[in-house]
Structure formats: C-alpha cells, structure tokens
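Visitor: I am new to this structure and would like to go through it by question and answer. Please show it first.

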Amino acid sequence: MIRADSGVISTLKFINTADYNLQSNTITTALTDLAARQLEEYFWGKRRCFDLPLRPCGTAFQQTVWNVLLSVPYGETRSYKQIAELTGNPRACRAVGMANNKNPLHIIIPCHRVVGSNGALIGYAGGLEIKERLLKLEKCFK
C-alpha cells in the first residue's frame, strides 16, 4: 500500500490483501503512481535508491534511525548494533529494532538491510521470507 498526503509519500507497507478491501481503499495520484514506478524499477534491478518526497511520521529517535537506514548502501547490510552506533546511541540496539518495526516506508527506508550481529535475519514487518528475498534481489543486481 502506498499512501501520499500533502505532496509527500507517508506510507509504503506490506498489507494482507485478504484483510484489506482494495476496491474501496484505492486512491491513486501522480505521486503514488511515481512511487509505484520506482518500486517496479527497484524490483527489476534498475533502481538502487528512491527519488521521492518523503515524510515518515515518527518520534525524533525513529526519524534518526530512519535517516541512518537511508545511508545503508544497496546490496549491503548493517547490524542493529552498527545502526545504534551511527545514531550516537551505541546501546540502543533494541530501540533501533523497534524503530525498524515502526518504519512506515518499507523498502524505501531499507530496514530490510538490518541484520543481527552474526548476520542472521532477524525481524521484518513484511516477514523474514520477504526480507530474505529483498536482500537476495539486491545482491543479485549489485
């Protein structure tokens, strides 16, 4: 689901279509169409970063984490600990995990690139299978 509000992308998340009435909840705009095109390019390996106006809603710490996530290069991963260190809060690994969980812009803010210290895939709002697929996709096109 892609949502735009006041000229910015505010939400991009995975939804369970069985629980969501697509007919009554579908409103497209030029901006949501642009986001959809950029996502398609990403999935085809033609786009490594997104060029969209974003306004994710969250706390100051969440915003800090999300900004750090935007700096994680395509096809690479960082641990929760590394992200915590980059926020200036080296002991905030769990808080980084919670900020990832609250990320309203899946894929665009690449929380799928955050892994455990041992490289294990840990947590993803879209599910670990999708996280694994996104990481494999990026490694394939890197």
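Visitor: How many disulfides does the count come to?

Guide: This is a predicted model, in which local features need pLDDT of at least 70 and side-chain atom pairs count only at pLDDT 80 or more, while totals for chains, interfaces and linings use all residues. Residues are numbered from 1 along each chain as its sequence is written, and side-chain values use heavy atoms, with hydrogens and water left out. A disulfide is a pair of cysteine sulfur atoms within 2.5 Å. By this rule the count is 0.

Visitor: Is Cys-111 buried or exposed?

Guide: Buried means under 20% relative accessible area, exposed means over 50%, and partly exposed lies in between (1.4 Å probe, protein chains only). Cys-111 has 4% relative accessibility, so Cys-111 counts as buried.

Visitor: Is Cys-140 buried or exposed?

Guide: The sulfur of Cys-140 is 18 Å from the closest cysteine sulfur, in Cys-49, which is too far for a bond. The relative accessible area of Cys-140 is 59%, so Cys-140 is exposed.

Visitor: Where does Pro-73 lie?

Guide: Helices (H or I, at least four residues) and strands (E, at least two) are DSSP runs, numbered from the N terminus. Pro-73 is partly exposed, at 31% relative accessibility. Pro-73 lies in the loop between α2 and β3 (78-79).

Visitor: At what angle do helix α2 and helix α4 pack?

Guide: Helix α2 covers residues 60-69 and helix α4 residues 93-101, and their axes are 9 Å apart. The angle makes α2 roughly perpendicular to α4, a label for 65 to 115 degrees. The value is about 80°.

Visitor: Which residues of α4 make the contact with α2?

Guide: Contact means heavy atoms within 4.5 Å. On the α2 side, Phe-61, Gln-62, Val-65, Trp-66 and Leu-69 take part. From α4 come Ala-95, Val-96, Ala-99 and Asn-100.

Visitor: Which residues touch the most other members of the largest nonpolar core?

Guide: A nonpolar core is a set of buried Ala, Val, Leu, Ile, Met, Phe, Trp, Tyr and Cys residues joined through side-chain atoms within 4.5 Å. The largest has 29 residues. Those touching the most other members are Tyr-42, Phe-50, Leu-52, Val-65, Leu-69, Ile-83 and Ile-107.

Definitions and conventions:
Axes fitted to C-alpha atoms, helices over the stretch in contact; angles between N-to-C directions. Parallel < 35°, antiparallel > 145°, perpendicular 65-115°, else oblique.
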